[in-house]
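Good morning, colleagues. I would like to take you through the charged contacts and surface patches of one model. Please look at the sequence and the structure as I bring them up.

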Amino acid sequence: MNGHGAKFERKQEEAIAALLTSRNVEEAAQAVGVATTTLLRWQKVPEFQAAYREARRTAYQQSLARLQQASGAAVSTLLKVMIDPSTPPSVRIRAADSVLEHSAKSIELEDIEARVAELERAANPKGGG
């Protein structure tokens, strides 16, 4: 990218962070102290696009990790609702259906993982990478 060295790169890093946390491009540009047109122009530069994609990917992976950490509590809540006799029957049924649905999906994923592993072994019988 053309620019003014480290200060320019730092501004673009700040812009990527602002794009991840702002409601829109205008708000992100204002947070960084650049014109909206400048930020829109940066977004057309392949290196900026790649860095922004990587930052979004990282943020998304962190969000998924948080969801996985909360999954134990979610399952506990779902099971409590499902077996609580004071919970309305329609809610208990929905909770039970959700447990069954997620259980079936996990079995399907395990089956797919096993099939992929077997295909990988068949494609590379010597075990190398």
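In which helix does Y60 lie? Y60 belongs to helix α4, which spans residues 46–83. Before going further, a word on the basis: this is a predicted model, in which local features need pLDDT of at least 70 and side-chain atom pairs count only at pLDDT 80 or more, while totals for chains, interfaces and linings use all residues. Residues are numbered from 1 along each chain as its sequence is written, and side-chain values use heavy atoms, with hydrogens and water left out. Helices are DSSP runs of H or I with at least four residues, numbered from the N terminus.

Let me stay with Y60. With a relative accessibility of 56%, Y60 counts as exposed; the classes are buried for under 20% relative accessible area, exposed for over 50%, and partly exposed in between, with a 1.4 Å probe and protein chains only. Together with L64 and L67, Y60 makes a nonpolar surface patch of about 330 Å². Patches consist of residues with over 30% relative accessible area and no salt bridge, where nonpolar side chains (Val, Leu, Ile, Met, Phe, Trp, Tyr) are joined within 5 Å and like charges within 9 Å. The areas come from the Shrake-Rupley method with a 1.4 Å probe, and for residues only the protein chains shown count as cover.

I turn now to the salt bridges. How many does the structure hold? There are five, a salt bridge being a side-chain nitrogen of Lys or Arg within 4 Å of a carboxyl oxygen of Asp or Glu.

R57 is partly exposed at 41%, and E54 is partly exposed at 41%.

Another joins E27 to R23, with the closest N and O atoms 2.8 Å apart. Here E27 is partly exposed at 26%, whereas R23 is exposed at 72%.

Finally, helix α5, residues 89–123. E118 and R121 are three residues apart there and therefore separated by about one helical turn. Their salt bridge has its closest N and O atoms 2.9 Å apart, and E118 is partly exposed at 45%.

Which residues form the negative surface patch? They are E108, E110, D111 and E113, and E110 lies in helix α5. Asp and Glu count as negative, Lys and Arg as positive, with His and the chain ends not counted. Each charge is placed at NZ of Lys, CZ of Arg, CG of Asp or CD of Glu.

Conventions:
Helix = DSSP H or I, 4+ residues; strand = E, 2+ residues; numbered from the N terminus.
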